[in-house]
Amino acid sequence: MSANRENDNNTQSIELLPKKSDFSEWYNEILWRAEIMDVRYPIKGMYVWHPYGFGVRKRVYSILRSLLDVDHDETLFPLLIPEHEFMKEAEHIKGFENEVYWITHGGTTPLDVRLALRPTSETSIYPMYALWIRSHADLPLKLYQVVNTFRYETKHTRPLIRVREITSFKEAHTVHGTWDDAAEQVEAAVRLYQEFYDALCVPVLISKRPDWDKFPGADYTIAFDCVMPDGRTLQVGTVHHLGDSFSRTFDLTYEDINGEQVLCHQTCYGISERCIAALISTHGDDTGLCLPPQTAPVQIVIVPIIMKKREAEVQEAAQVLCDELQAAGFRVKVDARDLRPGAKYYHWELRGVPLRIEIGPRDIDNGVVMTVTRGGTKEAIQRENIAVHIQEKLASVTTEIQSVARERVQGQIHMVSTRGELLDAAKGGVGVLHWCGSKECCEKIEAESEAVLLGGELRGKLVNVDQSNCIICGEPGTASLLGRSY
RNA sequence: GGGGUAAUAGGGUAGCCUGGUCCAUCCUAGAGCGUUUGGGACGCUUUGACUGCAGUUCGAAUCUGCGUUACCCCA
């Protein structure tokens, strides 16, 4: 703002994106400029998906769906939950009661039974599960849905991160015969989510949340956190072992092979549009978005380099190339607008298109096209059999994005082996330390580090998960994650 | 719950203190025409705003009150 004021009127001012190092500003600006979300909807915490952003959402959720569809079925339950069902599970209510929107009227008539807008769907789904499950032959049952859910957030709302309408909540709910079967499903879900975030090239840290921070009503919770550029963490997925607590409440039983009625065991796991926030924040740069090809609504943009004398010829060549690549299965677009080429480059780079192809008179004469990756690698490639080369290019772009992201996050992980290092543990990133699991030690760690202990039993690809002793009390401990979360 | 600050075109802003010179400034974006086009082109034409209501006044973007919304601070 103040910079604008200083601008001379005669200097040419191009509106630059804020630097990514000013993460908060960069994030808001890029959602607007790259046409992801419009934040001007007149209800706090509710935002509108622009078509382009919605296109990203579509790709990302189709990845998620295809992973789930291997052994889950998709379903759809109603948005509204009657009060008497919602109020059945005591711990669950306690966890959500301050965040629930209630429908109290139909028109001007007060309702006999208030209706909750689902903050999550356990209490909507499980009464139906109770009707569906009769015998061990009905198990395991694995369903998921992608729906909107509502939470009356009182803290600062932020698009895609802290919202009052979660527009894109993918929640899976599974039912099993035994606690161990459910535990196995938890492991399977963790693997599935790991695969999902691998596909988005978003590095994640996986940990078991402390008991006091688990999902209301769960036996335990495994959480996924990504590390944002400013060093804060964002919880981007959770997997819960529900044990039999909901089964007791909603009377989920089955007849086992001996003819006995037995309580079911359940899991649920969810991912919201925060995964898109993670995607955007992990890969964007000072120029704009940067989308892994699998997630990009437009994978390739063709920019014709038009010279007056050969305009028709160049336009035609661009269109032929576009058709050919489309036929080969790529998402391609020709930018035929009447703009300077440079303006188009900036336009598509801002929107994160992974690969640009330039084709001009010179290239036509030489039988080549110019390719430029979003990372800036420029190369002329033969026009013959172009689809094969493009396939390789996109694969290399994905690899590049993957390794850049990984390297950044690795740099933000600080190993903490002594108490003295605690204060710096979460500066600009996250700390990894050993912790025994006790509340007392947790409190000391948090007090001495000015950060929050996100969870223990860290696992996965980003850190070594060796066994060691708690840095506070010296008892055996597990690798644990310390950070400041959104 | 208590207090503070703000609201001007699609986005960003100037003007407000000290009412008239404002049929509201500049940047950007949009539309039209022409010249252009290998990293953000240029010229001409043009669209578009004072948050809402009430008041003071000969005269209100500007002062006052109320409402709405947003942000910040305190509890």
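Predicted model: local features only at pLDDT ≥ 70, side-chain atom pairs only at ≥ 80, totals over all residues.
In which hand, right-handed or left-handed, does helix 3 pass helix 7?

**View 1. The crossing of helix 3 and helix 7.** Helix 3 passes helix 7 in a right-handed crossing. Two packed helices are described by the angle between their axes and the distance between the axes. Here the axes of helix 3 and helix 7 (residues 179-199) cross at roughly 150° and come within 10 Å. From helix 3, the residues Ile 63, Leu 64 and Leu 67 meet Leu 192, Glu 195, Phe 196 and Ala 199 of helix 7. Sorted by class, this contact between helix 3 and helix 7 comprises 6 nonpolar residues, 1 charged residue and no polar ones.

View 2. Val 60 has its place in helix 3, which spans residues 51-68. Because 24 other C-beta atoms lie within 10 Å, where 20 or more are required, Val 60 counts as buried. When residues up to four places away in sequence are left out, Val 60 touches Leu 200, Cys 275, Ile 276, Leu 279 and Thr 295. Leu 117, by contrast, stands 57 residues from Val 60 along the chain, and the C-alpha atoms of these two residues are separated by 26 Å.

View 3. Strand 5 and strand 6 (residues 109-117) pair in the antiparallel sense over 4 bridges. Trp 102 has Ala 116 in strand 6 as its bridge partner, while Gly 106 stands opposite Thr 109 of strand 6. The hairpin has 2 residues between the strands, and Gly 107 takes a positive phi near 65° there. Strand 5 covers residues 102-106, and the number of buried residues among its 5 is 0, so this strand lies largely in the open.

**View 4. The domains of chain A.** The domain assignment divides chain A into domain 1 (23-283), domain 2 (293-397) and domain 3 (412-483). Between domain 2 and domain 3, the C-alpha centres lie 48 Å apart.

Key. Residues numbered from 1 in each chain as written. Chains lettered and ligands numbered in written order. Buried ≥ 20, exposed ≤ 12 C-beta atoms within 10 Å, placed from the backbone. Pairing = 2+ DSSP bridges. Contact = placed C-beta atoms within 7 Å. Domains from an automatic or database assignment. Axes fitted to C-alpha atoms, helices over the stretch in contact; angles between N-to-C directions. Left-handed = near helix turned anticlockwise from the far one by under 90°. Nonpolar A, V, L, I, M, F, W, Y, C, P; charged D, E, K, R; others polar.
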